[in-house]
Each structure stands twice: as structure tokens, then as C-alpha cells.
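Work through the exercises below with the sequence and the coordinates open. Each task is followed by a solution in steps.

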Amino acid sequence: MDAIIVEELTKYYGNLLAVNKISFRVKWREIFGFLGPNGAGKTTTIRMLCGLAKISNGSAYIAGCNLAKDLKCVKKSIGVVQDVSNLYYELTAMDNLLFSGEMYGLNRKERKERAIELLKFFGLFDKKDVKFKHLSKGQKRRLVIAAALMHKPKILFLDEPTIGLDVRGRRMIWNLIKELNKKGLTIFLTTHNIYEAFSLCNRIAIINKGKIVTIGTPEVLKEKFSGSEVLEVAFTRELDKKDLTGLSGIVKVIGTGRSFKIIVNDPIIALEEIAKKARLRGVSLSYINLRGADAEEIFLRIISDKNVG
Amino acid sequence: MIKMLDELKKAFFIAKKDLKEYYFKPPTISWGIMFPIVFVFAFLIREGNKLWLIPGLLTLSIFFGTTSMSAASIIFERRMESFDRLLLFPISYYGIALGKTLSSFFFGLLSSAITLATIWILFPVPIHNILLLTICIIGSALQFSSIGVLLSFAVKDPMQSMTVFNSIRFPIIFLSNMIIPIKKLPAYMLLVPLAIPVTYSVESIRYSLLGTYDIVPPTISITIIFASYLAFLYITGLLIRKNIP
């Protein structure tokens, strides 16, 4: 059995459909990424899988436990890191970890040993007596992950693990995630950072407007959309973005003013249309460059393309 | 049985954590300890029937001590999203509710001890039945903590919690026989204090301190105190489940 099996999972908040019949499987020992823009349904999905939000429809099995019938079994098998660093401010780093250990039923010796082991692993041992409120953002984030690992869960859920961190902090968390995965931990992470998803994950599900648009390995996704090309254009005068949006051959327009990056599915037709529109508006093209799309542009193309599945 | 012990143990861990985290939060100190002491001074320094007032003032200190702690611990955690952490642990919603009432309970005991000592210094009063007084203080602290916890989960917007809390707590001071004798109320108003659980704590504490009660006999009061504690705890568990979106 796979680590996570999700079938037709649906979530309504009142009349609002937040997650729309999504299905996917996560294999043991893989890093599975949930990539999507803000409001796509990533956090809602993770909250449903952890028991922090009720499921409207569908089913989910986590580490073999039926989420609807045995939530306690699910909770014992998973560690969860939410998108906020929500440990207890007046407690020290050590006390926060010990409290997690207590709540997962570890005995006194086990929790002390595990806390020390994790503090060392996350480079926080010298901060063990520092109150959570006095730690830096990056240290807080690492401690939150450590707290989620106190009971040696089989699966770790990470909701936007590097949100708000600087480059150094982000890289540190990425390395830790890779190391944890090497030790055998299955990781489910949500992110809106394309680079994070493509560089960390074994497989990625791209979610937009509550629906999974596509699932694949980073290589397959890149291959699948290898046809994506980007037209970089500049005009002699400013042009309204709306003038370019919706023209034939164009998937997405990025930029404002005189310079635009345009994701195209047919560069020749797109260029003809752009030139026609420029003439109509009385401006000329001053720069044109055609190149392959990078990960971010592939992502934008995927979520813009309604026919992708 | 093992499952129940496990839940109890975890509830105690939550209480221990809360006490470390929220003991010195300004609202806990100001509303839970300072406010009752100010009340004690205000009422005991003036002329009048002080003996009758003392049980009410003691109850008031337990009431404000426990409910201030519940407000601080739950509302603060809900605002900071750290309450979600408790929901992620393998413990039932009733276990969480129990843990939260226990931390408020211990703080209520502390608050009542400080008030009792203050009263004792200002106005040494003989205690009618010390064992009964202990039971009544424990029962009242449990009952009030469950009221505080229930209210903290019922408040929709944590930012307005203190306004909501005080708009409920202040009328209770005047309607539960704490500082205004309910005997003085018109007959048609008598149902109001009888519908307020706090009245039974005031009555039982008054009996255990002075050996007299106004309307409700202590056996009935004590039964209602413990029954209402269990009922509020149960409703809180349901409310936590209901609050999950």
C-alpha cells in the first residue's frame, strides 16, 4: 500500500468549492510536492489530510489508516509543519520539543534523548535554553520541523516550509528535507515556489483553483511542456498588457510598460499577432528574443492551459 | 482504562504547558489576580455586612482567576494558530478540553489562595467547615474553568474576546449572590440567579465559611457544581469538533 492514497477528495467552505475531487498517491520514501499559486487549495488539502479540516467528500488513507474512521491512527503516523511557526513563545526550544514528546506518549528518557538528537541534527543545540520567541525566523522554522519529528513519524507534512525565509535559511531547510528523506522519511510538501518543487521533489502535483492540473516527475513535467517557449519583446513606447493578452498563439503575458515576457504555444503566429497589434497602436517592436521556458514559465503555462491533464 | 489514563496524562501535560506559557501574561495577572484583590479592598474597607460579603469576594476571585486564564490560553493560542498543534496530537477533543480546564483550575486555586490570604489579613473570619470549603473551592474552580473554556471556544473573533468575556462576567457578579443578596431581588427576577451556575458556588462557599446559605442547600449546590462542570466539559469537546472547518 502507498503512503498516501487520496481519492476524489473534495472540500466546500459553505458554497465555495476549495478542493475539487482531487486524487493522487504518494509512494513511501518519496518527496511529493503540491505546487500551486496562493489560494489554489494546497493548504486546505494538507489540513484535510491532517484532520484540521473536515472532508466534504472523497476518501484518504494515510500510512494505511482510514482518515475518516481512524484519525488517531493517522495522527500517530504523521508529523505536521504548518505554514506558520506556531510553537509556544514562552517555552524554551528544549521545552517545546519535550512537550511534543509528552503529547505523543514518549517516556521521560526517550523524549529527552530524542529532543537532544533533533536539536543537534537541526543545529539548534546551543539554543536549547532559549525561549522560542527569541529565536530567529529560520531557527523557529527548524524547531517547528524538529517538533514534528519527535515521535519518529512515518510521513512528514510540510506546508510551505520555507515561507518568509531568506536564501540562506531556505537552503538550510532544503538540505535538511533532503537528509530526512535519505533517512527514509516520506515527505509531502506544499509550495508555491517552483524552484523548490522542481529541485526537491521526486514527483509534483500541480494544483490550481482546487483541481489537480497534472502530476509527474520534474523531468516529465519539463519534457511534457518542452514545447513551451517564451517570447521576450520590447516596444518603442508603452503598451497596455490587455492589448497582448488573448491574442492567438499566446498563453500568458508577464510584465508591464514597454517590456513583456510572453509564454507562447506558437511563436510565429504570436509574433504576427503582436506585430499587427503594435502597428494598430502606433508603436514599433524594438527587441525580440525567443527562448525555451524555465520552470516558472512552465508552471504558468500549465496552470493557464485548461486542457492539460 | 489505559486509554482513559493516557488521555488524563496528556491533559495534565497540556495544563503544565499552559501554566508555563500563560502565568505571566498581562491579562492573566491583571484580570485574574489584581482585579479580585482590588474588589476585596473596595468592599472590605467600607462599612456594612462584611461577613456576608466575604464568600462572594472569594468566589469572585476564583471566577476571575479561572476565566482569565482560560481566555488567555485559548484565545491567544487560537489567534497565534498554536491551538492547531493540540488538534494534531493523538488526544481526543474532550482530552484537550480537560487539559485547558485544568490549567485554568490551577490558576483559579492560586488566585483564591491570594484572595483568601488578603481577606484573612484584613478581616480574620472563622471557617465553619474547612473540608467542605476545600471541596467547594475545588468544585467552583473546576466549574468556572469549564465556563471560561467554553466561552473561549464560543467567541468567534479572538480580538473581541475580552469585551465578550467581561460583558458576561460583570453581570454575573451582580446576579449570582456574590455582592448583592438575591433575596433582595423581586420574586420574578429570582429565576435569573438560579439559572446562573456561579450562584451555586457562591451559595456553597457561603455555607462552608459561615454555616448559612440564602436559598439553595449545600448538597444541591455541590451536586449542581460538579454536574455542570462535566456538562460544560462535554459541550466544549463538541464545540472544538464543531469549530473544525
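**Exercise 1. State how many helices and strands chain A has, and describe its overall extent and burial.**

Step 1. Chain A has eleven helices and 14 strands, where helices (H or I, at least four residues) and strands (E, at least two) are DSSP runs numbered from the N terminus. The model is predicted: local features need pLDDT of at least 70, side-chain atom pairs count only at pLDDT 80 or more, and totals for chains, interfaces and linings use all residues. Residues are numbered from 1 along each chain as its sequence is written, while chains are lettered from A and ligands numbered from 1 in the order in which they are written.

Step 2. The C-alpha trace of chain A spans about 75 × 40 × 35 Å along its principal axes.

Step 3. Of the 309 residues in chain A, 42% are buried. A residue is buried if 20 or more other C-beta atoms lie within 10 Å of its own, exposed if 12 or fewer, and partly exposed in between, with C-beta atoms placed from the backbone.

Step 4. Among contacts in chain A with a separation of 6 or more, 68% are between residues 24 or more positions apart. Two residues are in contact if their C-beta atoms, placed from the backbone, lie within 7 Å.

**Exercise 2. Give the strand order of the open sheet of six strands in chain A and identify its edge strands.**

Step 1. The order is S6-S7-S8-S3-S9-S10 (chain A), and the pairing is mixed. Two strands pair if DSSP finds at least two bridges between them.

Step 2. Strand S6 (78-81) and strand S10 (211-216) of chain A are the edge strands, each pairing on one side only. From one strand to the next the twist averages 15°.

Step 3. Inside this order, strand S3 (residues 31-35) and strand S8 (residues 186-191) of chain A run parallel and are joined by five bridges. Ile31(A) stands opposite Ile187(A) in S8(A).

Step 4. Take Ile204(A), in strand S9 (residues 203-208) of chain A. Ile204(A) is buried, because 25 other C-beta atoms lie within 10 Å. Leaving aside residues up to four places away in sequence, Ile204(A) touches Gly33(A), Leu35(A), Ala197(A), Gly216(A), Pro218(A) and Leu221(A).

**Exercise 3. Find the edges of the open sheet of four strands in chain A.**

Step 1. The order is S2-S1-S4-S5 (chain A), with antiparallel pairing.

Step 2. Strand S2 (16-26) and strand S5 (65-66) of chain A each have a single partner strand, so one side of each is left without a neighbour in the sheet.

Step 3. Strand S4 (residues 57-62) of chain A pairs with S5(A) over two bridges in the antiparallel sense. Tyr61(A) stands opposite Asn66(A) in S5(A).

**Exercise 4. Describe how H5(A) and H6(A) lie on the strands, and how they cross each other.**

Step 1. Helix H5 (residues 137-148) of chain A lies across S6 and strand S7 (155-159) of chain A, at about 160° to S6(A). Axes are lines fitted to C-alpha atoms, for helices over the stretch in contact, and angles run from 0 to 180 degrees between N-to-C directions.

Step 2. Helix H6 (residues 167-182) of chain A lies across S3, S7 and S8 of chain A, at about 155° to S8(A).

Step 3. The axes of H5(A) and H6(A) come within 10 Å and cross at roughly 20°. H5(A) is therefore roughly parallel to H6(A), a term for angles under 35 degrees.

Step 4. H5(A) contributes Lys137(A), Gly138(A), Arg141(A) and Ile145(A) to the contact, and H6(A) contributes Gly169(A), Met172(A), Ile173(A) and Leu176(A). These residues divide into four nonpolar, two polar and two charged. Ala, Val, Leu, Ile, Met, Phe, Trp, Tyr, Cys and Pro count as nonpolar, Asp, Glu, Lys and Arg as charged, and the others, Gly among them, as polar.

**Exercise 5. Characterise the side of chain A that touches chain B, then examine H3(A).**

Step 1. 23 residues of chain A are in contact with 18 residues of chain B. Helix H2 (71-77) and helix H3 (93-103) of chain A each supply at least two residues of that side of chain A, and H3(A) gives the most, with four residues.

Step 2. By class, this side of chain A has twelve nonpolar, four polar and seven charged residues.

Step 3. Ten of the eleven residues of H3(A) are buried, so H3(A) is largely enclosed by the rest of the structure. The cover over these buried residues includes helix H4 (108-121) and H5 of chain A, together with helix H1 (2-22) of chain B.

Step 4. After H3(A) comes Gly105(A), whose phi is positive, near 80°.

Notes: Parallel < 35°, antiparallel > 145°, perpendicular 65-115°, else oblique.
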